[in-house]
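Reader: I would like to learn how to read a model like this one, going from a single side chain out to the contact between chains. Could you take me through it step by step?

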Amino acid sequence: MKIFIDPPNSLILFDLVERFGHEPLSVMATIQERVDNLEIDMPPMNVTLDDVKKGLDYAGIEVPSGIRGRLAVWGPLIDNAEAAIIMEDAPYSFGCVGCHRTNLLVDFLVRKRKLPTIEIDYPRTEEDARNMVIRVKEFLEGLE
Amino acid sequence: MVRETRLIVISPLSEITPDQITRKVHSLGYEVTVKETCYGAVLEGPPETVSKVMDELRALDPLGIYSKIRGFPLGDPKRCRAQHGSRPGFSQLQTEWQSLSLVEKGLECAMRGEKAETKDVPDRIPVKDLQRFCEEVE
(Lines give C-alpha, C1' and ligand atoms only; values in the text may rest on other atoms or scores of the structure.)
Protein backbone atom coordinates (compact mmCIF):
# COMPACT_ATOMS: atom_id res chain seq x y z
CA MET A 1 0.00 0.00 0.00
CA LYS A 2 1.04 3.59 -0.53
CA ILE A 3 1.80 5.22 2.80
CA PHE A 4 2.09 8.98 3.20
CA ILE A 5 4.76 9.85 5.74
CA ASP A 6 4.88 13.11 7.65
CA PRO A 7 7.53 14.62 7.78
CA PRO A 8 7.59 13.61 4.12
CA ASN A 9 11.40 13.52 3.97
CA SER A 10 11.95 11.47 7.14
CA LEU A 11 14.66 8.81 6.93
CA ILE A 12 13.27 6.93 9.94
CA LEU A 13 9.72 6.68 8.59
CA PHE A 14 10.82 5.98 5.00
CA ASP A 15 12.99 3.09 6.15
CA LEU A 16 10.39 1.64 8.53
CA VAL A 17 7.64 1.71 5.88
CA GLU A 18 9.89 -0.04 3.34
CA ARG A 19 11.14 -2.51 5.95
CA PHE A 20 7.59 -3.62 6.73
CA GLY A 21 6.70 -4.11 3.07
CA HIS A 22 4.87 -0.98 1.94
CA GLU A 23 5.60 1.89 -0.45
CA PRO A 24 6.44 5.19 1.27
CA LEU A 25 5.23 8.33 -0.50
CA SER A 26 8.05 10.78 0.09
CA VAL A 27 8.87 14.26 -1.06
CA MET A 28 12.26 13.05 -2.35
CA ALA A 29 10.61 11.06 -5.15
CA THR A 30 8.56 14.09 -6.15
CA ILE A 31 11.64 16.30 -6.18
CA GLN A 32 13.48 13.67 -8.25
CA GLU A 33 10.82 13.91 -10.98
CA ARG A 34 11.35 17.65 -11.14
CA VAL A 35 15.16 17.41 -11.09
CA ASP A 36 15.26 14.75 -13.83
CA ASN A 37 12.85 16.68 -16.01
CA LEU A 38 15.01 19.82 -15.64
CA GLU A 39 12.01 21.79 -14.45
CA ILE A 40 13.83 23.30 -11.52
CA ASP A 41 17.17 24.15 -13.02
CA MET A 42 17.00 27.50 -11.28
CA PRO A 43 18.48 27.28 -7.77
CA PRO A 44 17.31 27.79 -5.11
CA MET A 45 13.76 27.18 -6.40
CA ASN A 46 12.18 23.82 -5.67
CA VAL A 47 8.84 24.43 -7.34
CA THR A 48 7.71 25.23 -10.87
CA LEU A 49 5.22 27.85 -12.06
CA ASP A 50 2.53 25.15 -12.35
CA ASP A 51 3.14 24.23 -8.72
CA VAL A 52 2.25 27.76 -7.69
CA LYS A 53 -1.22 27.22 -9.16
CA LYS A 54 -1.47 23.66 -7.83
CA GLY A 55 -0.82 24.95 -4.30
CA LEU A 56 -4.14 26.78 -4.47
CA ASP A 57 -5.95 23.42 -4.48
CA TYR A 58 -4.75 22.85 -0.95
CA ALA A 59 -4.57 26.31 0.62
CA GLY A 60 -6.27 29.65 0.06
CA ILE A 61 -4.71 32.60 -1.73
CA GLU A 62 -4.24 34.44 1.57
CA VAL A 63 -2.00 31.66 2.90
CA PRO A 64 1.74 32.53 2.76
CA SER A 65 3.48 31.43 -0.44
CA GLY A 66 5.92 29.15 1.41
CA ILE A 67 3.04 27.05 2.69
CA ARG A 68 1.36 26.93 -0.71
CA GLY A 69 4.64 25.94 -2.33
CA ARG A 70 5.14 23.10 0.14
CA LEU A 71 1.56 21.92 -0.25
CA ALA A 72 1.89 21.96 -4.05
CA VAL A 73 4.51 19.25 -3.65
CA TRP A 74 3.09 17.41 -0.62
CA GLY A 75 -0.64 17.71 -1.46
CA PRO A 76 -0.64 15.26 -4.41
CA LEU A 77 1.14 12.73 -2.15
CA ILE A 78 -1.76 12.94 0.31
CA ASP A 79 -4.23 12.56 -2.57
CA ASN A 80 -2.51 9.34 -3.70
CA ALA A 81 -2.04 7.88 -0.24
CA GLU A 82 -3.92 4.84 1.04
CA ALA A 83 -2.75 5.27 4.64
CA ALA A 84 -0.66 7.77 6.59
CA ILE A 85 1.90 7.92 9.39
CA ILE A 86 2.20 11.27 11.12
CA MET A 87 5.20 11.88 13.36
CA GLU A 88 4.60 14.76 15.75
CA ASP A 89 7.28 17.13 17.04
CA ALA A 90 10.13 16.08 14.76
CA PRO A 91 12.89 18.60 15.62
CA TYR A 92 13.61 19.37 11.96
CA SER A 93 9.99 20.06 11.01
CA PHE A 94 9.98 23.35 12.89
CA GLY A 95 12.23 26.41 12.74
CA CYS A 96 14.52 27.37 9.90
CA VAL A 97 14.20 24.02 8.10
CA GLY A 98 10.48 23.45 8.58
CA CYS A 99 7.12 25.14 8.70
CA HIS A 100 4.66 24.47 11.50
CA ARG A 101 1.67 25.97 9.67
CA THR A 102 2.28 23.57 6.78
CA ASN A 103 2.45 20.68 9.26
CA LEU A 104 -0.92 21.69 10.70
CA LEU A 105 -2.47 21.94 7.22
CA VAL A 106 -1.01 18.55 6.26
CA ASP A 107 -2.52 17.01 9.41
CA PHE A 108 -5.84 18.59 8.46
CA LEU A 109 -5.71 17.31 4.85
CA VAL A 110 -4.86 13.78 6.01
CA ARG A 111 -7.70 13.75 8.55
CA LYS A 112 -10.10 15.21 5.97
CA ARG A 113 -9.43 12.23 3.66
CA LYS A 114 -10.26 9.84 6.55
CA LEU A 115 -7.28 7.62 5.73
CA PRO A 116 -6.17 4.90 8.14
CA THR A 117 -3.70 6.97 10.14
CA ILE A 118 -1.32 6.50 13.03
CA GLU A 119 0.04 9.45 14.99
CA ILE A 120 3.32 8.92 16.80
CA ASP A 121 5.79 11.12 18.65
CA TYR A 122 9.39 11.65 17.57
CA PRO A 123 11.43 9.24 19.74
CA ARG A 124 13.56 10.93 22.38
CA THR A 125 14.13 8.03 24.76
CA GLU A 126 14.58 4.28 24.33
CA GLU A 127 11.13 3.67 25.73
CA ASP A 128 9.56 6.12 23.25
CA ALA A 129 11.45 4.51 20.37
CA ARG A 130 10.38 1.04 21.44
CA ASN A 131 6.72 2.06 21.55
CA MET A 132 6.99 4.00 18.30
CA VAL A 133 8.55 1.18 16.27
CA ILE A 134 6.18 -1.46 17.68
CA ARG A 135 3.13 0.71 16.99
CA VAL A 136 4.29 1.46 13.42
CA LYS A 137 4.96 -2.26 12.84
CA GLU A 138 1.52 -3.26 14.14
CA PHE A 139 -0.14 -0.53 12.06
CA LEU A 140 1.64 -1.48 8.83
CA GLU A 141 1.09 -5.20 9.33
CA GLY A 142 -2.59 -4.59 9.99
CA LEU A 143 -3.17 -2.77 6.69
CA GLU A 144 -4.81 -4.76 3.91
CA MET B 1 17.53 6.43 -18.08
CA VAL B 2 15.49 6.00 -14.91
CA ARG B 3 17.75 6.30 -11.91
CA GLU B 4 17.41 5.81 -8.21
CA THR B 5 19.70 7.56 -5.76
CA ARG B 6 19.77 6.29 -2.20
CA LEU B 7 21.28 7.55 1.01
CA ILE B 8 22.61 4.68 3.09
CA VAL B 9 22.93 5.69 6.73
CA ILE B 10 24.69 3.57 9.33
CA SER B 11 23.31 3.61 12.87
CA PRO B 12 25.74 4.93 15.54
CA LEU B 13 25.49 1.53 17.31
CA SER B 14 26.49 -0.47 14.24
CA GLU B 15 30.01 -1.82 13.83
CA ILE B 16 29.81 -1.49 10.04
CA THR B 17 31.90 1.32 8.54
CA PRO B 18 31.21 3.40 5.42
CA ASP B 19 34.35 1.85 3.91
CA GLN B 20 32.91 -1.66 4.35
CA ILE B 21 29.71 -0.56 2.59
CA THR B 22 31.52 0.81 -0.46
CA ARG B 23 33.86 -2.20 -0.67
CA LYS B 24 30.86 -4.53 -0.48
CA VAL B 25 29.11 -2.64 -3.31
CA HIS B 26 32.24 -2.80 -5.46
CA SER B 27 32.66 -6.51 -4.76
CA LEU B 28 29.10 -7.24 -5.93
CA GLY B 29 30.02 -6.10 -9.44
CA TYR B 30 26.70 -4.42 -10.28
CA GLU B 31 26.58 -1.38 -12.55
CA VAL B 32 25.95 1.16 -9.82
CA THR B 33 27.85 4.17 -8.57
CA VAL B 34 28.68 4.40 -4.89
CA LYS B 35 30.21 7.27 -2.95
CA GLU B 36 31.52 6.91 0.58
CA THR B 37 30.31 9.57 3.00
CA CYS B 38 30.70 10.32 6.70
CA TYR B 39 27.28 8.86 7.54
CA GLY B 40 27.44 5.83 5.20
CA ALA B 41 27.24 6.02 1.44
CA VAL B 42 25.28 7.32 -1.53
CA LEU B 43 24.25 4.72 -4.07
CA GLU B 44 22.99 5.40 -7.59
CA GLY B 45 21.86 3.19 -10.45
CA PRO B 46 18.81 1.63 -12.12
CA PRO B 47 16.06 1.04 -9.49
CA GLU B 48 16.07 -2.80 -9.82
CA THR B 49 19.84 -2.98 -9.39
CA VAL B 50 19.82 -0.56 -6.46
CA SER B 51 17.14 -2.70 -4.81
CA LYS B 52 19.29 -5.85 -5.20
CA VAL B 53 22.34 -4.04 -3.79
CA MET B 54 20.28 -2.75 -0.86
CA ASP B 55 19.17 -6.30 0.02
CA GLU B 56 22.82 -7.38 0.08
CA LEU B 57 23.83 -4.39 2.20
CA ARG B 58 21.02 -4.83 4.71
CA ALA B 59 22.19 -8.41 5.22
CA LEU B 60 25.46 -7.01 6.62
CA ASP B 61 23.61 -5.55 9.61
CA PRO B 62 19.80 -5.84 9.30
CA LEU B 63 19.00 -3.45 12.16
CA GLY B 64 21.95 -1.09 11.72
CA ILE B 65 21.65 0.03 8.09
CA TYR B 66 18.95 2.48 7.06
CA SER B 67 18.17 4.09 3.74
CA LYS B 68 15.96 6.52 1.93
CA ILE B 69 15.87 7.79 -1.63
CA ARG B 70 17.34 11.15 -2.57
CA GLY B 71 15.84 13.52 -5.11
CA PHE B 72 19.11 14.92 -6.42
CA PRO B 73 21.59 12.70 -8.31
CA LEU B 74 25.13 12.04 -7.13
CA GLY B 75 27.39 15.06 -7.51
CA ASP B 76 24.57 17.30 -8.78
CA PRO B 77 26.08 20.80 -8.98
CA LYS B 78 22.81 22.22 -7.64
CA ARG B 79 23.24 20.17 -4.47
CA CYS B 80 26.87 19.14 -4.09
CA ARG B 81 28.81 20.98 -1.38
CA ALA B 82 32.08 20.49 -3.22
CA GLN B 83 30.75 22.77 -5.94
CA HIS B 84 29.12 25.22 -3.55
CA GLY B 85 25.63 23.94 -4.31
CA SER B 86 22.78 26.05 -3.09
CA ARG B 87 21.14 23.29 -1.04
CA PRO B 88 23.79 22.16 1.41
CA GLY B 89 21.45 21.03 4.22
CA PHE B 90 22.71 18.33 6.56
CA SER B 91 21.04 19.21 9.84
CA GLN B 92 18.05 16.91 9.35
CA LEU B 93 20.15 13.89 8.43
CA GLN B 94 22.39 14.57 11.42
CA THR B 95 19.39 14.70 13.77
CA GLU B 96 17.89 11.50 12.40
CA TRP B 97 21.27 9.75 12.42
CA GLN B 98 21.56 10.48 16.16
CA SER B 99 18.10 8.99 16.73
CA LEU B 100 18.86 5.81 14.77
CA SER B 101 20.43 4.20 17.84
CA LEU B 102 17.03 4.53 19.56
CA VAL B 103 15.18 3.24 16.52
CA GLU B 104 17.56 0.27 16.34
CA LYS B 105 16.72 -0.64 19.95
CA GLY B 106 13.02 -0.26 19.09
CA LEU B 107 13.38 -2.56 16.09
CA GLU B 108 15.09 -5.18 18.26
CA CYS B 109 12.06 -5.16 20.59
CA ALA B 110 9.62 -5.23 17.64
CA MET B 111 11.42 -8.21 16.08
CA ARG B 112 11.20 -10.07 19.40
CA GLY B 113 7.43 -9.66 19.15
CA GLU B 114 7.05 -7.32 22.14
CA LYS B 115 3.85 -5.32 22.46
CA ALA B 116 3.57 -1.54 22.77
CA GLU B 117 2.78 -0.11 26.17
CA THR B 118 -0.58 1.59 26.23
CA LYS B 119 -0.78 4.89 28.04
CA ASP B 120 -3.97 6.06 29.65
CA VAL B 121 -4.90 9.15 27.68
CA PRO B 122 -7.73 11.13 29.31
CA ASP B 123 -10.83 11.41 27.14
CA ARG B 124 -11.68 14.75 25.60
CA ILE B 125 -14.34 16.77 27.42
CA PRO B 126 -17.72 16.35 25.71
CA VAL B 127 -18.98 19.55 24.07
CA LYS B 128 -22.07 19.60 26.32
CA ASP B 129 -19.90 19.57 29.45
CA LEU B 130 -17.72 22.33 28.04
CA GLN B 131 -20.82 24.41 27.27
CA ARG B 132 -22.06 23.87 30.83
CA PHE B 133 -18.71 24.98 32.29
CA CYS B 134 -18.76 28.13 30.14
CA GLU B 135 -22.29 28.95 31.20
CA GLU B 136 -21.40 28.45 34.87
CA VAL B 137 -18.46 30.88 34.55
CA GLU B 138 -20.69 33.49 32.90
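Author: Let us begin with A:S10, which sits in the loop between β1 (2–6) and α1 of chain A. Please keep in mind throughout that this is a predicted model.

Reader: Is A:S10 buried or exposed?

Author: Burial is read from relative accessible area, and the cut-off for buried is under 20%. A:S10 has 0% relative accessibility, and therefore counts as buried.

Reader: Which residues does A:S10 touch, leaving aside those up to four places away in sequence?

Author: The neighbours come from both chains: A:I5 and A:Y92 on one side, with B:K68, B:Q92 and B:E96 on the other. With one of them, B:E96, the side chain of A:S10 makes a polar contact through that residue's own side chain, at 3.0 Å.

Reader: What does the side chain of A:S10 reach at the start of α1(A)?

Author: There a side-chain oxygen of A:S10 comes to within 3.4 Å of the backbone nitrogen of A:I12. At the other end, α1(A) is followed by A:G21, a residue with a positive phi, near 85°.

Reader: How should I read the cover of a helix, and how many residues of α1(A) are buried?

Author: The general idea is that an α-helix has 3.6 residues a turn, so residues three or four places apart point the same way. In this case α1(A) is mostly covered, since seven of its nine residues are buried. The buried ones are A:L11, A:I12, A:L13, A:F14, A:D15, A:L16 and A:V17.

Reader: How many residues of α2(A) are buried, and against what do they pack?

Author: α2(A) is also mostly covered, with seven of its ten residues buried, namely A:V27, A:M28, A:T30, A:I31, A:Q32, A:R34 and A:V35. Within chain A these buried residues pack against α1, β2 (23–25), α3 (49–54) and α4 (65–80), and from chain B they meet β1 (4–10) and β4 (65–69). A:A29, which lies in the helix α2 of chain A, is partly exposed, because its relative accessible area is 30%.

Reader: Turning to the interface, how many residues does each chain give to the contact, and how much area do the chains bury?

Author: Chain A gives 40 residues and chain B gives 39. Between them the two chains bury about 3400 Å², with 59% of that area on carbon and sulfur atoms. On the chain A side, A:L11, A:R19 and A:R130 lose the most area to chain B, and together they account for 20% of what that side buries.

Reader: How many salt bridges and polar contacts does the rule find across this interface?

Author: The rule finds five salt bridges, together with 16 residue pairs in polar contact, both residues being at pLDDT 80 or more. The elements of chain A that give two or more residues to the side touching chain B are α1 (11–19), α2 (27–36) and α6 (126–142), and α6(A) gives the most, with ten residues. As a case of a salt bridge, the side chains of A:E18 and B:R58 meet at 3.8 Å, N to O.

Reader: Finally, which residues make the nonpolar surface patch on chain B?

Author: B:I125, B:L130 and B:F133 make this patch, which covers about 280 Å². B:F133 belongs to helix α4 (residues 127–137) of chain B, and this residue counts as partly exposed because its relative accessibility is 36%.

Note on methods:
Residues are numbered from 1 along each chain as its sequence is written. Chains are lettered from A and ligands numbered from 1 in the order in which they are written. This is a predicted model: local features need pLDDT of at least 70, side-chain atom pairs count only at pLDDT 80 or more; totals for chains, interfaces and linings use all residues. Side-chain values use heavy atoms; hydrogens and water are left out. Patches are made of residues with over 30% relative accessible area and no salt bridge: like charges are joined within 9 Å, nonpolar side chains (Val, Leu, Ile, Met, Phe, Trp, Tyr) within 5 Å. Accessible areas come from the Shrake-Rupley method with a 1.4 Å probe; for residues, only the protein chains shown count as cover. A salt bridge is a side-chain nitrogen of Lys or Arg within 4 Å of a carboxyl oxygen of Asp or Glu. Helices (H or I, at least four residues) and strands (E, at least two) are DSSP runs, numbered from the N terminus. Buried means under 20% relative accessible area, exposed over 50%, partly exposed in between (1.4 Å probe, protein chains only). Contact means heavy atoms within 4.5 Å. Buried area is the accessible area (1.4 Å probe) that two parts lose on being put together, summed over both. A polar contact is a pair of N or O atoms within 3.5 Å; within protein, one must be able to donate a hydrogen and the other to accept it, and residues adjacent in sequence count only if both atoms are side-chain atoms.
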